[in-house]
Amino acid sequence: MKRIVVLISGSGSNLQALIDACARSEINGRICAVFSNVADAYGLTRARQAGIATEVVEPGGFADRAAYDAALADAVDAYRPDLVVLAGYMRILSPAFVNRYAGRLLNIHPSLLPKYPGLHTHQRALENGDAEHGATIHFVTEELDGGPVVLQAAVPVLENDTEETLAKRVQAQEHRIYPLVVSWFVDGRLAMRNGKVWMDGEALSAQGYQL
């Protein structure tokens, strides 16, 4: 059974979706540890309630991002992960960390990339009058929110939407698609090679799968 490590910074709602999918045997893998850079992140409570090991690696005391990420990677490696999943992890990863897990590092981002990398994606979609918004799962590369896309799920932007209502609909799709992509990876169907996403032996387009 494939071993999964999840990195979080906050409430861990996508972590919970992954925990639930593993419990239902929808993911043929086991979350063996959850790491956070924030000691009181609620996602750690979710992990402990599910009997999953938790680790807190706070950035204070490290000389720089590279030193922090080196220590984090050493701690992650102790769990021998086949896959590292970013689920609301709010630190920018160093190139050394990304390259250490190249091809087995996934992230979910609340926009239809390449639109709106970074923060405040829902606000930006509303301010620009977008007709649709959504979420993207991608392999992580050194480019911020720029790795090759695996799967995107779109939702309509409604006339009376606020950041909160739009975020809620996008998050519902996140909880649907992240466990699906993780299951593809642990089943050996999904891979990143030469900067492209491959699914069942076929290279996907730059937009990945669309829902």
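This is a predicted model: local features need pLDDT of at least 70, side-chain atom pairs count only at pLDDT 80 or more; totals for chains, interfaces and linings use all residues.
Local features need pLDDT of at least 70, side-chain atom pairs count only at pLDDT 80 or more, and totals for chains, interfaces and linings use all residues. Residues are numbered from 1 along each chain as its sequence is written, and side-chain values use heavy atoms, with hydrogens and water left out.

Q: How many disulfides does the structure hold?
A: A disulfide is a pair of cysteine sulfur atoms within 2.5 Å. The closest cysteine sulfur to that of Cys-22 is in Cys-32, at 10 Å, which is too far for a bond. The number of disulfides is therefore zero.

Q: Is Cys-32 buried or exposed?
A: Buried means under 20% relative accessible area, exposed over 50%, and partly exposed in between (1.4 Å probe, protein chains only). Cys-32 has a relative accessible area of 6%. Cys-32 is therefore buried.

Q: Which helix gives the most to the lining of the largest pocket?
A: Helices (H or I, at least four residues) and strands (E, at least two) are DSSP runs, numbered from the N terminus. Among the elements that each supply at least two lining residues are helix 1 (13–23) and strand 5 (105–109). With five residues, the largest contribution comes from helix 6.
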